[in-house]
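The exercises below go through one structure step by step, each with a worked solution. Please keep the sequence and the model in view while reading.

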There are 2 protein chains.
Amino acid sequence: MFEPVEIGSKVSKDEFEAAVDPLRLDLINAQYELHERPFSVIVLVAGDDRLGVEEAVDVLHEWMDARYLDTHVFRQGVEDRIERPWFWQHWQGLPRHGQIGVHMGGWIYHAIARRLRGVIDDDELDRRLAHIRRFEELLAADGTLILKFWMHLSRKDHRKRLEEAEEDPDKGWRMEDRDWKLVEHYREILPIAERTVRETDTPAARWHLIESADRRHRHLTFGRTILEALTARLEAPEPTPELAAAPASPAEQTDVLASVDLTAELPYEEYRKRRNKRQVQLSKATRAARDEGLSTVLVFEGWDAAGKGGVIRRLTHAMSAADYRVVPIAAPTEEELAHHYLWRFWRHLPRLGRMVIFDRSWYGRVLVERVEEYAHPSQWQRGYTEINDFEQQIVEHGTVLLKFWLHIDPDEQERRFKQREVTPYKKYKITDDDYRNRSRWAEYTAAVDEMVRRTGSTQAPWKIIAANDKRWARVEVLKTVCKALEKRL
Amino acid sequence: MFEPVEIGSKVSKDEFEAAVDPLRLDLINAQYELHERPFSVIVLVAGDDRLGVEEAVDVLHEWMDARYLDTHVFRQGVEDRIERPWFWQHWQGLPRHGQIGVHMGGWIYHAIARRLRGVIDDDELDRRLAHIRRFEELLAADGTLILKFWMHLSRKDHRKRLEEAEEDPDKGWRMEDRDWKLVEHYREILPIAERTVRETDTPAARWHLIESADRRHRHLTFGRTILEALTARLEAPEPTPELAAAPASPAEQTDVLASVDLTAELPYEEYRKRRNKRQVQLSKATRAARDEGLSTVLVFEGWDAAGKGGVIRRLTHAMSAADYRVVPIAAPTEEELAHHYLWRFWRHLPRLGRMVIFDRSWYGRVLVERVEEYAHPSQWQRGYTEINDFEQQIVEHGTVLLKFWLHIDPDEQERRFKQREVTPYKKYKITDDDYRNRSRWAEYTAAVDEMVRRTGSTQAPWKIIAANDKRWARVEVLKTVCKALEKRL
């Protein structure tokens, strides 16, 4: 698929000079208009022409206002990428709304390089390309404009450039050993590069192939393509949320919560004994996990007043403070609102050997945001897919992932609310919202049901915990975490 | 200094239970009031009682709203701490305004542990304690309330607790090998801990020593001290900026800019030759720096239209994109405004072997913020000290630090402004502000002069570059960077 752009395109000096000034002006203007808009732009620059890629990024900095370009170069082997799932670094590098992120290599090189070195096979490559597609689709669905450029230089032109560089020291110093290597291995690289480009060329994120041999042609095409796409997007009406997909068929409903036995309980002495035993067990397991580099993510969801905080404290009590981090999910900050809603969860993923406990989580999207209509149906409906992909990446990285729903019935909740109202230091926990939410018990039940059905799996299971009795719930959670860790140690 | 708290303080169960509920209520209320206020709180919990420290942090999470506690545990040996100056991690962990940061160990353990292991000597310990003092003073001057707690357990009580734990498995599992080690080395540890506590007990950040043996006493004292300090701070009038220090004596003025020879220039052919030579040199030097792990920070300041962008592009043109990052300083985000003004610069410091180029920098504080009166005199005046301490830490970490002021005269600036106005794609670079700023040329000159005098040093030198001729300026900067790198390789 690269051959069609090996046609020797050239731009004369005069044509270039006449074109550049108005182009720069338009680019700057578009950039300033973007600044006020609630979406972001990603310009991903990759290619078999290393120098061409670098020069293209340079020229963008010259032509646009560099203060609002957020440029990232992704190198391999930096610790964080091993410590956390593959895409973690790319999530960290996403531009905020109104900004242009310039990603050199981006998420493309990683897959190509590993296939080339034989670290992964074709199947694994395909699986990674599928992740890339889903990542790009997720960003596009969130309004991000993704522009991908591949700078292509034929083997002949590569060789010619290197030979010229050998003779001319003014050019030669910009060449690196790896440029020679690329020419040597060109015939192995190209098919993998082509496969990667082909498999990630989707309506959400099209590739633009640019013939890279002539610098003026390359830069002009690059700049014009960005301008055209950006202008079109700025002039388009604000995207109305897509038509909602048909709601999940109610026939599918299994009502997972109805089947929970809420009478389960533990008398205090029995509780104390079991809790202590499990805490000792958990203490040993988390120390072993630290030593072996086994990471854990725990997610706690549940009805208001179901006792999440108490359960979490029984867990953390058994662990060394350096080994875990509790991430309570409160209202998002301005910074977080200016990114995809999963952004703030990605950033908290644990390093190797650590545990992160989410007190509420990304499931807000398909629970409270769905029921209270904070999210458009199309948003929470694609949420399931986005969440599944997110969790798949966590699991593939070797992390233990457990998700808990603490279940109580409406009567128990009301009892606890009333108790909170007469306990002064707990009053802050109760607001009018809580009572309002109660009136939507059935809708929440349906949302929980669909959530568990769509996002539960062997590798990322939902554990529904009977929590009418707090003691029972605490021991159940302790037990589940211990077993899951021990299974993996 | 720890002995006075070895008095066997105890709180009865009844007293504890009667006291806790109102305390929790008050803590929660104070926390909610803080939420709306423009300052942050740091609760640093350290001590010779490891378990006591962990339990204190736990109890705070139980008593307060954990969603607004920002808890950090600092472990040693994580890569980032070696990659960047010592305090980098602590800057990253600072809470935003309205929040309480809970720092377990914080910046205290690091110094103690290294002294104990003999990695550093007493002199180096003192130097680090001085850094700690300045860090805390800087935060306090910015309005941060810093509460430091040291949980102290006598050697006798340590031993008693460990012996009890050996007999009672219900207690034993919480003990770790290092608790035994601590008792063994107690007599070596204590003097170093005492020295550390003594030397970092300042009006900006007082230590609270708590006898840790009795858990109820420990928790009640801890909670009450926080409440008291937080309440006092919330009830105090919003701190008016301190009275400005006397302005720098004008007699000191040296007018460093007046001595710059602005007639320096390079004809094009000579420029091309020298530039190319220096770029080849820089290319080699930065590759060697990458291989050897030598980091570099470049700072560019200068008059508007002095040509910073052009100079920076001549530098980056000679480097591999993976090795450098340009950080253009634009208006701060909401997140950045909710922190100390140096926070956003700390986060961008380079990893080992990389270069970060700041296009404008922390010097805004003592330049534009001073002259345009965006900062109170007390703020920009203490800015010199804060900047010097920041840069000292960069330099001590082994990083090359160079600061450039690109100097032009008012006539040249006017010529360039006019040129920008007739160059459509450059018009965005010129605003009414720019012309206003011109009217304050003398004030800016005085500010530059004081800046260079107060913050220039052999290790973090200011280079004033004659930039009326752009070509001259570019080659001068290239030469300076090359020489500084080669000196260190």
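Predicted model: local features only at pLDDT ≥ 70, side-chain atom pairs only at ≥ 80, totals over all residues.

**Exercise 1. What percentage of the 489 residues in chain A do buried residues make up?**

Residues are numbered from 1 along each chain as its sequence is written, and chains are lettered from A and ligands numbered from 1 in the order in which they are written.

Solution. A residue is buried if 20 or more other C-beta atoms, placed from the backbone, lie within 10 Å of its own. By that criterion, buried residues make up 37% of chain A. The chain holds 21 helices and ten strands (DSSP runs, H or I of at least four residues for helices and E of at least two for strands, numbered from the N terminus), and its C-alpha trace spans about 85 × 50 × 40 Å along the principal axes.

**Exercise 2. Describe how the domains of chain A meet.**

Solution. Start with the bounds, which come from an automatic or database domain assignment: domain 1 covers 3-235 and domain 2 covers 261-488. Their C-alpha centres lie 40 Å apart, and the contact takes 17 residues from domain 1 and 17 residues from domain 2, where two residues are in contact if their C-beta atoms, placed from the backbone, lie within 7 Å. On the side of domain 1 that touches domain 2, helix H4 (88-92) and helix H6 (122-141) are the elements that give two or more residues, and H6(A) gives the most, with five residues.

**Exercise 3. Locate the largest nonpolar core and its residues with the most contacts.**

Solution. A nonpolar core is a set of buried Ala, Val, Leu, Ile, Met, Phe, Trp, Tyr and Cys residues joined through C-beta atoms within 7 Å. The largest one has 98 residues, and those with the most contacts inside it are Val45(A), Leu315(A), Ile357(A) and Leu406(A). Helix H21 (residues 470-488) of chain A contributes the most, with eight residues, and the core draws at least three residues from each of domain 1 and domain 2 of chain A. Next, take Leu406(A): leaving aside neighbours within four places in sequence, its contacts include Phe300(A), Trp303(A), Val311(A) and Ile465(A).

**Exercise 4. Trace the strand pairing around E8(A).**

Solution. Two strands pair if DSSP finds at least two bridges between them. Strand E6 (residues 296-302) and strand E8 (residues 355-359) of chain A pair in the parallel sense over five bridges, with Ile357(A) as the bridge partner of Leu298(A). E7(A) also runs parallel to E8(A), joined by five bridges, and here Asp359(A) in E8(A) is the bridge partner of Pro328(A).

**Exercise 5. Work out how chain A and chain B are related.**

Solution. First, 40 residues of chain A are in contact with 40 residues of chain B. The elements of chain A that give two or more residues to this side include helix H1 (13-35), helix H12 (268-292) and strand E7 (324-328). Next, a rotation of 180 degrees with 0.0 Å of shift along its axis superposes chain A on chain B, with an RMSD of 0.0 Å, which is the relation of a two-fold axis; the superposition is by least squares on the C-alpha atoms of residues with pLDDT of at least 70 in both copies. Finally, 100% of the interface residues of chain A are also interface residues in chain B, so the copies meet through the same surface.

Definitions and conventions
Buried ≥ 20, exposed ≤ 12 C-beta atoms within 10 Å, placed from the backbone.
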